[in-house]
Amino acid sequence: QKFSMDSYLYMWNQRKQIGRSYLTSLGITAVGTVVSLLFTTMLAYPMSRKDFKYSNQLSFFVFFTMLFSGGMVPNYILVKELGLLNSRWALVLPYICNTWNMLIMRNFFYAIPDALEEAAYLDGANQFTILIRVILPLSLPSIATIAMFYAVSFWNAWFPGVMYLTDAKLVPVQNVMRTIIISATAALEDMGVTIDDVQQAPTSHTLKCASIVVTTLPILCVYPFIQKYFVKGVMVGSVKG
(Lines give C-alpha, C1' and ligand atoms only; values in the text may rest on other atoms or scores of the structure.)
Protein backbone atom coordinates (compact mmCIF):
# COMPACT_ATOMS: atom_id res chain seq x y z
CA GLN A 1 0.00 0.00 0.00
CA LYS A 2 2.90 2.38 0.64
CA PHE A 3 6.68 2.54 0.41
CA SER A 4 8.30 1.38 3.62
CA MET A 5 11.84 0.70 4.87
CA ASP A 6 10.65 -0.97 8.07
CA SER A 7 12.11 -4.35 7.11
CA TYR A 8 15.54 -2.87 6.43
CA LEU A 9 15.37 -0.88 9.67
CA TYR A 10 14.60 -4.11 11.47
CA MET A 11 17.68 -5.67 9.85
CA TRP A 12 19.73 -2.61 10.80
CA ASN A 13 18.75 -3.05 14.43
CA GLN A 14 20.25 -6.54 14.22
CA ARG A 15 23.42 -5.21 12.60
CA LYS A 16 25.80 -6.45 15.29
CA GLN A 17 24.68 -10.04 14.94
CA ILE A 18 24.37 -9.81 11.15
CA GLY A 19 27.79 -8.15 10.81
CA ARG A 20 29.51 -10.90 12.80
CA SER A 21 27.81 -13.60 10.76
CA TYR A 22 28.73 -11.74 7.57
CA LEU A 23 32.41 -11.93 8.44
CA THR A 24 31.99 -15.62 9.26
CA SER A 25 30.33 -16.33 5.91
CA LEU A 26 32.93 -14.32 4.01
CA GLY A 27 35.74 -16.26 5.67
CA ILE A 28 34.08 -19.62 5.09
CA THR A 29 33.37 -18.73 1.45
CA ALA A 30 36.88 -17.48 0.76
CA VAL A 31 38.69 -20.38 2.44
CA GLY A 32 36.23 -22.98 1.17
CA THR A 33 36.46 -21.76 -2.42
CA VAL A 34 40.28 -21.73 -2.46
CA VAL A 35 40.61 -25.14 -0.80
CA SER A 36 37.89 -26.63 -3.01
CA LEU A 37 39.55 -25.33 -6.18
CA LEU A 38 42.87 -26.80 -5.06
CA PHE A 39 41.49 -30.26 -4.38
CA THR A 40 39.19 -30.24 -7.42
CA THR A 41 42.06 -29.28 -9.72
CA MET A 42 44.44 -31.86 -8.24
CA LEU A 43 41.82 -34.56 -8.81
CA ALA A 44 40.55 -33.42 -12.21
CA TYR A 45 43.99 -33.11 -13.83
CA PRO A 46 45.19 -36.73 -13.44
CA MET A 47 41.74 -38.01 -14.41
CA SER A 48 41.97 -36.03 -17.65
CA ARG A 49 45.33 -37.55 -18.68
CA LYS A 50 45.05 -40.23 -21.35
CA ASP A 51 48.27 -41.88 -20.14
CA PHE A 52 47.06 -42.24 -16.53
CA LYS A 53 46.80 -45.97 -15.93
CA TYR A 54 43.94 -45.96 -13.44
CA SER A 55 41.89 -43.15 -14.96
CA ASN A 56 38.80 -45.30 -15.62
CA GLN A 57 38.84 -46.93 -12.19
CA LEU A 58 39.24 -43.57 -10.45
CA SER A 59 36.49 -42.03 -12.58
CA PHE A 60 34.09 -44.80 -11.60
CA PHE A 61 35.01 -44.45 -7.94
CA VAL A 62 34.34 -40.71 -8.04
CA PHE A 63 31.17 -40.99 -10.14
CA PHE A 64 29.81 -43.59 -7.71
CA THR A 65 29.56 -40.89 -5.04
CA MET A 66 27.02 -39.05 -7.21
CA LEU A 67 24.68 -42.04 -7.09
CA PHE A 68 24.96 -43.03 -3.42
CA SER A 69 25.82 -41.22 -0.21
CA GLY A 70 26.03 -42.20 3.43
CA GLY A 71 23.19 -39.94 4.48
CA MET A 72 22.71 -37.28 7.12
CA VAL A 73 23.30 -39.39 10.24
CA PRO A 74 26.58 -41.01 9.07
CA ASN A 75 27.82 -37.58 7.97
CA TYR A 76 27.06 -36.16 11.40
CA ILE A 77 28.81 -39.07 13.13
CA LEU A 78 31.84 -38.63 10.88
CA VAL A 79 32.08 -34.89 11.58
CA LYS A 80 31.67 -35.57 15.31
CA GLU A 81 34.38 -38.26 15.38
CA LEU A 82 36.74 -35.93 13.55
CA GLY A 83 36.23 -33.35 16.29
CA LEU A 84 34.78 -30.74 13.95
CA LEU A 85 31.55 -30.01 15.81
CA ASN A 86 31.22 -26.31 16.72
CA SER A 87 34.04 -25.53 14.32
CA ARG A 88 33.95 -23.51 11.12
CA TRP A 89 35.88 -26.30 9.45
CA ALA A 90 32.74 -28.42 9.72
CA LEU A 91 31.24 -26.09 7.10
CA VAL A 92 34.22 -26.45 4.75
CA LEU A 93 35.99 -29.81 4.90
CA PRO A 94 33.01 -32.11 4.16
CA TYR A 95 32.26 -30.13 0.98
CA ILE A 96 35.66 -29.34 -0.50
CA CYS A 97 35.25 -31.44 -3.65
CA ASN A 98 31.98 -31.49 -5.55
CA THR A 99 31.85 -34.36 -8.03
CA TRP A 100 29.91 -32.46 -10.67
CA ASN A 101 32.31 -29.48 -10.55
CA MET A 102 35.26 -31.85 -10.79
CA LEU A 103 33.80 -33.50 -13.90
CA ILE A 104 33.30 -30.12 -15.56
CA MET A 105 36.92 -29.19 -14.89
CA ARG A 106 38.14 -32.60 -16.04
CA ASN A 107 36.33 -32.21 -19.37
CA PHE A 108 37.88 -28.78 -19.84
CA PHE A 109 41.37 -30.16 -19.16
CA TYR A 110 40.65 -33.04 -21.52
CA ALA A 111 39.86 -30.62 -24.36
CA ILE A 112 43.29 -28.93 -24.19
CA PRO A 113 45.46 -30.15 -27.09
CA ASP A 114 48.09 -32.74 -26.20
CA ALA A 115 50.65 -30.92 -28.37
CA LEU A 116 50.95 -28.16 -25.77
CA GLU A 117 51.83 -30.64 -23.05
CA GLU A 118 54.25 -32.50 -25.30
CA ALA A 119 56.05 -29.24 -26.13
CA ALA A 120 56.36 -28.39 -22.45
CA TYR A 121 57.56 -31.91 -21.67
CA LEU A 122 60.26 -31.65 -24.34
CA ASP A 123 61.39 -28.38 -22.76
CA GLY A 124 62.01 -30.25 -19.51
CA ALA A 125 58.79 -29.53 -17.62
CA ASN A 126 57.37 -32.13 -15.25
CA GLN A 127 53.67 -32.80 -14.69
CA PHE A 128 53.36 -30.28 -11.88
CA THR A 129 55.03 -27.56 -13.97
CA ILE A 130 52.79 -28.38 -16.94
CA LEU A 131 49.73 -28.04 -14.71
CA ILE A 132 50.82 -24.69 -13.24
CA ARG A 133 52.43 -23.08 -16.31
CA VAL A 134 50.34 -24.50 -19.17
CA ILE A 135 47.04 -26.06 -18.13
CA LEU A 136 45.80 -23.59 -15.50
CA PRO A 137 46.46 -20.40 -17.52
CA LEU A 138 44.47 -21.90 -20.39
CA SER A 139 41.66 -22.94 -18.04
CA LEU A 140 40.73 -19.58 -16.53
CA PRO A 141 37.13 -19.74 -17.85
CA SER A 142 36.62 -23.15 -16.27
CA ILE A 143 38.33 -22.15 -13.02
CA ALA A 144 36.28 -18.94 -12.76
CA THR A 145 33.07 -20.90 -13.35
CA ILE A 146 33.88 -23.55 -10.77
CA ALA A 147 35.00 -20.87 -8.30
CA MET A 148 31.65 -19.15 -8.75
CA PHE A 149 29.80 -22.42 -8.19
CA TYR A 150 31.75 -23.13 -5.01
CA ALA A 151 31.46 -19.56 -3.69
CA VAL A 152 27.69 -19.48 -4.15
CA SER A 153 27.39 -22.93 -2.60
CA PHE A 154 29.40 -22.01 0.51
CA TRP A 155 27.69 -18.64 0.85
CA ASN A 156 24.15 -20.04 0.60
CA ALA A 157 24.74 -23.11 2.78
CA TRP A 158 22.60 -23.01 5.91
CA PHE A 159 21.88 -26.66 6.72
CA PRO A 160 25.48 -27.50 7.80
CA GLY A 161 25.27 -24.64 10.28
CA VAL A 162 22.10 -26.12 11.73
CA MET A 163 23.63 -29.60 11.96
CA TYR A 164 27.14 -28.93 13.20
CA LEU A 165 27.05 -25.60 15.08
CA THR A 166 25.46 -24.70 18.40
CA ASP A 167 27.59 -21.66 19.23
CA ALA A 168 25.73 -18.54 18.03
CA LYS A 169 29.04 -16.74 17.43
CA LEU A 170 30.08 -19.24 14.75
CA VAL A 171 26.93 -19.42 12.62
CA PRO A 172 27.00 -17.96 9.07
CA VAL A 173 24.73 -15.22 7.83
CA GLN A 174 22.15 -17.58 6.30
CA ASN A 175 21.44 -19.13 9.70
CA VAL A 176 21.18 -15.70 11.33
CA MET A 177 18.68 -14.55 8.70
CA ARG A 178 16.67 -17.72 9.21
CA THR A 179 16.61 -17.12 12.97
CA ILE A 180 15.53 -13.49 12.52
CA ILE A 181 12.65 -14.45 10.23
CA ILE A 182 11.51 -17.24 12.55
CA SER A 183 11.67 -14.91 15.56
CA ALA A 184 9.70 -12.20 13.77
CA THR A 185 7.08 -14.71 12.62
CA ALA A 186 6.78 -16.13 16.13
CA ALA A 187 6.32 -12.62 17.53
CA LEU A 188 3.41 -12.00 15.16
CA GLU A 189 1.84 -15.30 16.12
CA ASP A 190 2.19 -14.48 19.83
CA MET A 191 0.21 -11.32 19.16
CA GLY A 192 -2.52 -13.41 17.58
CA VAL A 193 -1.59 -12.49 14.00
CA THR A 194 -1.00 -15.27 11.52
CA ILE A 195 1.07 -15.17 8.36
CA ASP A 196 -2.13 -15.52 6.34
CA ASP A 197 -3.53 -12.31 7.77
CA VAL A 198 -3.93 -9.96 4.81
CA GLN A 199 -2.83 -6.88 6.74
CA GLN A 200 0.25 -8.45 8.32
CA ALA A 201 1.40 -10.64 5.43
CA PRO A 202 3.26 -7.80 3.64
CA THR A 203 5.33 -7.14 6.79
CA SER A 204 6.36 -10.78 7.05
CA HIS A 205 6.88 -11.09 3.32
CA THR A 206 8.98 -7.92 2.99
CA LEU A 207 11.14 -9.09 5.88
CA LYS A 208 11.96 -12.22 3.90
CA CYS A 209 12.63 -10.16 0.78
CA ALA A 210 14.91 -7.81 2.73
CA SER A 211 16.90 -10.78 4.04
CA ILE A 212 17.32 -12.03 0.46
CA VAL A 213 18.69 -8.64 -0.63
CA VAL A 214 21.10 -8.48 2.32
CA THR A 215 22.47 -11.99 1.73
CA THR A 216 22.82 -11.71 -2.06
CA LEU A 217 24.70 -8.40 -2.14
CA PRO A 218 28.22 -9.95 -2.07
CA ILE A 219 27.42 -12.29 -4.96
CA LEU A 220 25.93 -9.40 -6.96
CA CYS A 221 29.10 -7.37 -6.37
CA VAL A 222 31.46 -10.16 -7.47
CA TYR A 223 29.56 -11.57 -10.44
CA PRO A 224 30.13 -8.65 -12.93
CA PHE A 225 33.90 -9.07 -12.67
CA ILE A 226 33.87 -12.77 -13.64
CA GLN A 227 30.82 -12.77 -15.91
CA LYS A 228 32.85 -13.10 -19.12
CA TYR A 229 34.64 -16.17 -17.73
CA PHE A 230 31.42 -17.59 -16.32
CA VAL A 231 29.54 -17.37 -19.62
CA LYS A 232 32.40 -19.03 -21.50
CA GLY A 233 32.94 -21.69 -18.84
CA VAL A 234 29.34 -22.91 -18.73
CA MET A 235 29.47 -23.48 -22.49
CA VAL A 236 32.30 -26.02 -22.12
CA GLY A 237 31.31 -29.19 -23.94
CA SER A 238 28.01 -27.80 -25.23
CA VAL A 239 29.31 -26.94 -28.70
CA LYS A 240 31.64 -29.14 -30.70
CA GLY A 241 34.09 -27.84 -33.22
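## Basis of the description

Residues are numbered from 1 along each chain as its sequence is written, and side-chain values use heavy atoms, with hydrogens and water left out. Because the model is predicted, local features need pLDDT of at least 70 and side-chain atom pairs count only at pLDDT 80 or more, whereas totals for chains, interfaces and linings use all residues.

## Overall architecture

The protein chain contains 11 helices and zero strands. Helices (H or I, at least four residues) and strands (E, at least two) are DSSP runs, numbered from the N terminus. Read from that terminus, the order of elements is α-α-α-α-α-α-α-α-α-α-α.

Of the 241 residues in the protein chain, 37% are buried. A residue is buried under 20% relative accessible area, exposed over 50% and partly exposed in between (1.4 Å probe, protein chains only). The protein chain exposes about 15200 Å², and carbon and sulfur atoms supply 66% of this area; accessible areas come from the Shrake-Rupley method with a 1.4 Å probe, and for residues only the protein chains shown count as cover. Among contacts between residues at least 6 apart in sequence, 78% join residues at least 24 apart, where contact means heavy atoms within 4.5 Å.

## Aromatic pairs

A pair of aromatic rings is described by the distance of the centres and the angle of the planes. Rings of Phe, Tyr and Trp (its six-membered ring) pair if their centres lie within 6.5 Å; planes under 30 degrees apart count as stacked, over 60 as edge-to-face and the rest as tilted. The structure holds seven such pairs. In one of them, the ring centres of Phe-60 and Phe-64 are 6.0 Å apart and the planes stand at 45°, so this pair is tilted. Both residues belong to helix α3 (residues 55–67), and because they are four residues apart there, about one helical turn separates them. Phe-60 is exposed, at 55% relative accessibility, while Phe-64 is partly exposed, at 39%.

Tyr-76 and Tyr-164 form a stacked pair, with 6.3 Å from centre to centre and 15° between the planes. This pair links distant parts of the chain: Tyr-76 lies in helix α4 (residues 72–81) and Tyr-164 in helix α9 (residues 159–164), 88 residues apart. Tyr-76 is partly exposed at 32% relative accessible area, whereas Tyr-164 is buried at 4%. Ring pairs also link Phe-60, Phe-64 and Phe-68 into a cluster.

## The loop residue Ser-87

Ser-87 is located in the loop between α4 and α5 (99–111). Its relative accessibility is 19%, so Ser-87 counts as buried. Neighbours within four places in sequence aside, Ser-87 is in contact with Leu-165 and Leu-170. The C-alpha atoms of Ser-87 and Thr-166 are separated by 9.5 Å, although these residues are 79 apart along the chain.

## A nonpolar surface patch

Phe-3, Met-5, Tyr-8, Leu-9, Val-213, Leu-217 and Leu-220 make a nonpolar surface patch of about 710 Å². Patches consist of residues with over 30% relative accessible area and no salt bridge; like charges are joined within 9 Å and nonpolar side chains (Val, Leu, Ile, Met, Phe, Trp, Tyr) within 5 Å. A salt bridge is a side-chain nitrogen of Lys or Arg within 4 Å of a carboxyl oxygen of Asp or Glu.

The elements giving two or more residues to the nonpolar patch are α1 (6–13) and α11 (201–234). Helix α11 provides the largest share, three residues. Val-213 is found in helix α11 and is partly exposed, at 35% relative accessibility.
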